[in-house]
Amino acid sequence: MKKLTVILFYCLTVLVAVSAQDNEADKILNAAIYQEEVSGDLQEAIRLYEEIVTKYPENRSVVAEALYRNGLSNEKLGNIKARKYYEKVINSYSEQSELVELAQIRLNRILKTKKPAREKLSVINLYEKGSHLENSSLSPDGTKIAGIEFSIGQNVNIYDRLTDKTQMLTKYEWLNADDGYTYYPVWSPDGKEIVYMYHDSNGICEIQASTLQGKKRTLIKNESDDGQIYPKQWSQDGTTILAFKQDSSGSYTIGLVPAKGGSFTAVHTTQWEERFVKADASLSPDGKFIVFADGQEGNLDLFIIDTNGGTPNLLSGHPANELDPLWSPDGKHIAYIKEIKGGSFLYGIEMAEGKAVGQPYLIKEGMQNAELLNWNRQGISYDFFLDLHEIYTLTLDPETGSSVGVPKLLDYTPAGSNICPVWSYDGKSLAFISYDGEPKVVIQAVDGGDTRHYIIPTPNFWAPAVHDLHWLPDNSGLSFNLLNKQEISIMYQLDLKTGKWQNWS
């Protein structure tokens, strides 16, 4: 009798332990679903789903659901490995019939998605060739790159991939008070002309075109001095240019300009108000439709609109950014960048008569800091920009001024986004600006004392627009200049005693 009692007690203990494990697995599953569907933190959801599979393998119903939802989360991130989670549910959890059916549906969709051919990636590092071409564009035949160069001014420059030589197309100079600057170069479909924005010294903006021999003409001016007007794409038949025009409120309108010159025909007014627009647009090869990104910062969606105007139709909406759309040369696909927490991805979607056919499909991962440029028969070209700004100190011989030793990286975290180093007049402190997260002025004591941080009170901080961080002569504060989104220079001054800022236009 005593032995029987012990056995019953042992069985009861096991049942209680299993029940507790089941409850814990359910709690983690609910937390993971919350992260996936409510918070949108897919990486955290994936971590929790994997934790369930590892810790509670005996709870087959919960593990099967965790595997299925792990597949969903990876699919949302554009990860091809979503397929293996669906296959695991189908092959190993046949008794979970409802989940097996759902997993089979998702797997069928993945298998039916047209897989693009493995990309052949050609990388051209213009820095290694002694050139810096910003805002570049690949010629229709793929042999030349047009971009903006900054040696004597802000000019359109052409790099020839065959001869490895560069050619300056415009020659506006910084030191000439009557000159302006250029940006947004776009190739004509025959590769014989380049159209670009020209901004003169009086603030008037226009779209100019130039032959490769340098013969220029003006297509249109923003006569009212409202803001920028610039080209985005030349139509495939060569008659029209997709352009963007800013008004006095800062808003941008998508429209069309005749390639021979003439008036701007408005198609749609967007929500863009940024000084440099992150959203973008592309004209279909037949000239009937425009795909564009619009919405609020951090939540841009893709829309399609007829070139004659009307109401835009949502092409792809996601609770994150979808931007940089490009129409394929044959008009059958649109490629775009999808930004999801943890990464950026190149996606494609099949098109017919201005409407999506099927579901978006993944083309390429790892597209952080990439900007799609254009799509020609050679493929999709894009700029990859890596923003690394580091501060180094170098010991000097006070008598000769020559360096002693090698440069030493400043000991400050986070690294990679620190600019404008300047010593205090008494030599006791080093100040610089760090723009990782909230932009701030950082002051480090030379003797190893506490590091101080002062948040810069501006919603429009842009590191390349910062100039001239200086200490006040009595070391009581610092000042610097910053361009706002209206391109007005603002001076900021920090009082170190009070920690307060002042600013003046």
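I count two strands as paired if DSSP finds at least two bridges between them. Strands (E, at least two residues) and helices (H or I, at least four) are DSSP runs, numbered from the N terminus.

I note that this is a predicted model, in which local features need pLDDT of at least 70 and side-chain atom pairs count only at pLDDT 80 or more, while totals for chains, interfaces and linings use all residues. Residues are numbered from 1 along each chain as its sequence is written, and side-chain values use heavy atoms, with hydrogens and water left out.

**Entry 1: sheet β29 to β32**

I looked up strand β31 (residues 489–495) and found that it pairs with β32 in the antiparallel sense over five bridges. Glutamine 493 has glutamine 502 in β32 as its bridge partner. Both strands belong to an open sheet of four strands, in the order β29-β30-β31-β32, with antiparallel pairing. At the edges stand β29 (466–471) and β32 (500–504), each with a single partner strand, so one side of each has no neighbour in the sheet. On average, neighbouring strands here are turned by 20° against each other, direction ignored; axes are lines fitted to C-alpha atoms, for helices over the stretch in contact, and angles run from 0 to 180 degrees between N-to-C directions.

**Entry 2: aromatic rings**

I took rings of Phe, Tyr and Trp (its six-membered ring) as a pair if their centres lie within 6.5 Å; planes under 30 degrees apart count as stacked, over 60 as edge-to-face and the rest as tilted. The count by this rule is 13 aromatic pairs. In one of them, phenylalanine 480 and tyrosine 492 have ring centres 5.4 Å apart and planes at 15°, so the pair is stacked. Phenylalanine 480 is in strand β30 (residues 477–483) and tyrosine 492 in strand β31, so the pair ties together parts 12 residues apart in sequence.

**Entry 3: sheet β9 to β12**

I found another open sheet of four strands, in the order β9-β10-β11-β12, also with antiparallel pairing. Its edge strands, β9 (229–234) and β12 (265–269), each pair on one side only. Neighbouring strands are turned by 30° against each other on average, direction ignored. Strands β10 (residues 240–246) and β11 (residues 252–258) run antiparallel and are joined by seven bridges. Leucine 242 stands opposite leucine 256 in β11.

**Entry 4: a hairpin**

I followed strand β19 (residues 343–352) to strand β20 (residues 355–364); they run antiparallel and six bridges join them. Glutamate 350 has valine 357 in β20 as its bridge partner. The hairpin has two residues between the strands, and glutamate 353 takes a positive phi near 55° there.

**Entry 5: two helices**

I looked at helix α3 (residues 60–76) and helix α4 (residues 82–92), which pack at an angle of about 155° with their axes 7 Å apart. They are therefore roughly antiparallel to each other (under 35 degrees counts as roughly parallel, over 145 as roughly antiparallel, 65 to 115 as roughly perpendicular and the rest as oblique). Residues in the contact (heavy atoms within 4.5 Å) include Leu67 and Tyr68 of α3 and Tyr85 and Val89 of α4.

**Entry 6: backbone details**

I noted a cis peptide bond from threonine 413 to proline 414, with omega near 5°. Proline 414 sits in the loop between β24 (403–409) and β25 (418–423). Asparagine 135 is not a glycine, yet it has a positive phi of about 55°; its place is in strand β1 (residues 134–138).
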